[in-house]
Amino acid sequence: MRPHSECVQGATVGALIADQENRESAEKTDLPSGSSSLRDELRRAEAALRLALAADVCLRCDDDKALAALGFSLTHIANLRSGPRGPRAGYPPYSLRNLRLTVRWLRAALAEPQTEHAV
């Protein structure tokens with residue numbers, strides 16, 4: 001398999017995730033205090049997106065050791081490699097797009113001023 005531009009000799013899984021976190025933090029603004037459940041959901045969605053993007057790079061680089069280091073089981077790795085996408089293994093584009101949209105939506109929801117409802 002021919003290496004992709006993301007496949008760097010000696011790249012570590014931690015470096016892949018840190019690189020993605022740096023890209024995301026460049027987009028972030030300070031969020032006002034909001035609902036803690038929304039903040040928790042945003043943290044989970046951001047973590048899921050970082051993991052999926054790092055796994056996608058590992059799949060393109062044919063690096064099963066890195067996938068295992070990310071916490072993927074051999075069965076999950078096999079499922080990601082095989083599937084309806086043919087030679088393009090990994091997460092389908094709609095899955096990554098949905099994760100990105102969820103993160104954006106949660107950030108926007110947290111950035112909105114909280115209005116109090118009169119009773």
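The questions and answers below go through a predicted model and the reasons for the terms used to describe it.

Q: What makes the pattern of the protein chain α-α-α-α-α?
A: The protein chain has five helices and zero strands. Read along the sequence, this gives α-α-α-α-α.

Q: How do you know that helix 2 has close to its expected span?
A: Helix 2 has 25 residues, and its first and last C-alpha atoms are 36 Å apart. At 1.5 Å a residue, the expected value is 36 Å, so the span is close to what is expected. After helix 2 comes Asp62, with a positive phi near 60°.

Q: Why is the pair Arg43 and Asp40 called a salt bridge?
A: The closest N and O atoms of Arg43 and Asp40 are 3.0 Å apart. A salt bridge needs a side-chain nitrogen of Lys or Arg within 4 Å of a carboxyl oxygen of Asp or Glu, so this pair counts. The structure holds six salt bridges.

Q: What separates Arg43 and Asp40 along helix 2?
A: They are three residues apart in helix 2 (residues 36-60), which means a separation of about one helical turn.

Q: Why is Asp40 called partly exposed?
A: Its relative accessibility is 33%. Buried means under 20% and exposed means over 50%, so Asp40 falls in between.

Q: How do you know that Glu41 and Arg44 form a salt bridge?
A: Their side chains meet at 2.8 Å, N to O. That is within 4 Å, so the pair counts as a salt bridge. Glu41 and Arg44 lie three residues apart in helix 2, about one helical turn. Glu41, with a relative accessible area of 34%, is partly exposed.

Q: Are Asp56 and Arg60, which also meet in a salt bridge, buried or exposed?
A: Asp56 has a relative accessible area of 3%, and Arg60 has 19%. Both values are under 20%, so both residues are buried. Their side chains meet at 3.4 Å, N to O. In helix 2 they are four residues apart, about one turn of the helix.

Q: Which residues are linked in a network of salt bridges?
A: The network links Asp62, Asp64 and Arg81.

Q: What makes up the largest nonpolar core?
A: This core has 20 residues, and those with the most contacts inside it are Ala55, Leu67, Leu70, Phe72 and Tyr91. Two or more residues each come from helix 2, helix 3 (64-69), helix 4 (74-81) and helix 5 (93-111). Helix 2 gives the largest share, nine residues.

Q: Which residues does Ala55 touch, not counting residues up to four places away in sequence?
A: Ala55 touches Leu67, Leu70, Phe72 and Tyr91.

Q: How many of the residues of the protein chain count as buried?
A: The protein chain has 119 residues, and 28% of them count as buried. The accessible surface comes to about 8100 Å², with 54% of it belonging to carbon and sulfur atoms.

Key. Residues numbered from 1 in each chain as written. Predicted model: local features only at pLDDT ≥ 70, side-chain atom pairs only at ≥ 80, totals over all residues. Heavy atoms only, no water. Buried < 20%, exposed > 50% of the residue type's maximum accessible area, 1.4 Å probe, protein only. Core = buried A, V, L, I, M, F, W, Y, C linked by side-chain atoms within 4.5 Å. Contact = heavy atoms within 4.5 Å. Areas by Shrake-Rupley, 256 points an atom, 1.4 Å probe, with all protein chains shown as cover.
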